[in-house]
Amino acid sequence: MPLQPQDSPLSAFLKALRAEGIDCILVGAMAAIRQGAPLMTVDYDFWVRLPERQYVRLVSIAHRQGGTIRARTLYELSDGTQVNAIFQPDGLRSFETEWKRCRLGQLEGVPLRILPLQRVIASKRAAGRDKDIAVLPILERTLRLAKRLRDRKRARHKPARRSARLRRP
């Protein structure tokens, strides 16, 4: 995807990943937020399909975009947006397996995969950090509400069944 003059630093970063052939999945709190969870976060977590020893490819992309390297896998883009590269999230299956389960979405106008909320919950539960445990009730409630909403929509769109009295013999 060619860069446009109006591209945000995040959009430019995502386009650069695509140009380098690096697939990524939006995970973590931002993936949950994109699915309706009422959370706040300061960074974007991207699970990248890349061996960890090749993290310098990500560093190079961040540098070319005018970003700052805060840690080996944490980059601050030119507008202050923080991007965290994840090589193997806790509690998830292989990248290929999770990729197939992901929702298609867009971020800053760039198509990408978003980890389903149920899998975000599994990852946060497996990570077991205090900050992850603290948001589990919110994520689980969001998941229940989303399921209820989907069920209601399905029920509204189901054709009404004819009663036995109205059926022809």
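Residues are numbered from 1 along each chain as its sequence is written. Because the model is predicted, local features need pLDDT of at least 70 and side-chain atom pairs count only at pLDDT 80 or more, while totals for chains, interfaces and linings use all residues, and side-chain values use heavy atoms, with hydrogens and water left out.

**Around strand β5**

Helices (H or I, at least four residues) and strands (E, at least two) are DSSP runs, numbered from the N terminus. Two strands pair if DSSP finds at least two bridges between them. Strand β2, residues 43-48, runs parallel to β5 and is joined to β5 by 5 bridges. Strand β4, residues 74-76, is antiparallel to β5, with 3 bridges between the two. Here Glu-76 stands opposite Gln-82. A hairpin is formed by β4 and β5, with 5 residues between them, and Gly-80 in the turn has a positive phi of about 95 degrees.

How well covered is β5? Of the 5 residues in this strand (82-86), 4 are buried; buried means under 20% relative accessible area, exposed over 50%, and partly exposed in between (1.4 Å probe, protein chains only).

**The nonpolar core**

A nonpolar core is a set of buried Ala, Val, Leu, Ile, Met, Phe, Trp, Tyr and Cys residues joined through side-chain atoms within 4.5 Å. The largest one has 45 residues, and Leu-26, Phe-46, Leu-58 and Leu-139 touch the most other members. Helix α1 (residues 9-19) gives the largest share of this core, 5 residues.

Let us look at Leu-26 in more detail. Beyond its neighbours within four places in sequence, Leu-26 has contacts (heavy atoms within 4.5 Å) that include Tyr-44, Phe-46, Leu-107 and Ile-114.

A disulfide is a pair of cysteine sulfur atoms within 2.5 Å, and the count here is 0 disulfides.

**Salt bridges**

The model has 14 salt bridges, where a salt bridge is a side-chain nitrogen of Lys or Arg within 4 Å of a carboxyl oxygen of Asp or Glu. Three of them are set out here.

| Salt bridge | N to O distance |
|---|---|
| Glu-20 and Arg-57 | 3.8 Å |
| Lys-124 and Asp-132 | 2.9 Å |
| Arg-125 and Glu-140 | 2.1 Å |

Arg-125 lies in helix α5 (residues 117-127) and Glu-140 in helix α6 (residues 130-157), so this pair ties together parts that are 15 residues apart in sequence. Arg-125 is partly exposed, at 44% relative accessibility, and Glu-140 is partly exposed at 26%. Salt bridges that share partners also join Glu-20, Arg-57 and Arg-64 into one network. Are Lys-124 and Asp-132 buried or exposed? Both of these residues are buried.

Glu-20 is partly exposed, with a relative accessible area of 33%, and Arg-57 is partly exposed at 29%.

**A last stop in helix α3**

Ser-60 sits in helix α3, residues 55-64. Its relative accessible area is 30%, so Ser-60 counts as partly exposed.
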